[in-house]
Amino acid sequence: QVQLVESGGGLVQAGGSLRLSCAASGSIFRVDVMGWYRQAPGKQRELVAAITSVGSTNYADSVKGRFTCSRDNAKNTVYLQMNSLKPEDTAVYYCYLRAFVGGRFVLDDYWGQGTQVTVSS
């Protein structure tokens, strides 16, 4: 049906950079939103960044000016460029898709399995 595959997570020192990628595959009729959430142990999952099919973006206040979300609509792929990373950015990052899929006339939500980002001090 629909699969989201993340890549690019890892261990980095504070002040460093990482670039996450998420490729969506399957019977995607029309994408509404793609983006990234993150969740640290014992904490609630939170929106990091999102981008619509027409390119408008939304960022959490904590990452504004440091992270950039972009997409390639032809490939159904979303990216998250993370610069000036801080220890508090440490979390599991999840790719998110909201789309019309498989001929269904309703919007459905899809999640990747998550990729670990660890920022050391």
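Two strands are said to pair if DSSP finds at least two bridges between them, and the strands themselves are DSSP runs (E, at least two residues), numbered from the N terminus. What I am showing is a predicted model, in which local features need pLDDT of at least 70, side-chain atom pairs count only at pLDDT 80 or more, and totals for chains, interfaces and linings use all residues. Residues are numbered from 1 along each chain as its sequence is written, and side-chain values use heavy atoms, with hydrogens and water left out.

Let me begin with strand β9, residues 91-101, where eight of the eleven residues are buried (under 20% relative accessible area, with a 1.4 Å probe and protein chains only), so this strand is largely enclosed by the rest of the structure. Strand β4, residues 28-39, pairs with β9 in the antiparallel sense over ten bridges, and within that pairing Val33 has Arg98 of β9 as its bridge partner. Strand β10, residues 107-111, is also antiparallel to β9, over five bridges, with Ala99 standing opposite Asp108. Five residues lie between the strands in this hairpin of β9 and β10, and there Gly102 takes a positive phi near 60°. With strand β11, residues 115-120, β9 forms an antiparallel pairing over three bridges, and Ala91 has Val117 as its bridge partner.

Terms used. Buried means under 20% relative accessible area, exposed over 50%, partly exposed in between (1.4 Å probe, protein chains only). Helices (H or I, at least four residues) and strands (E, at least two) are DSSP runs, numbered from the N terminus.
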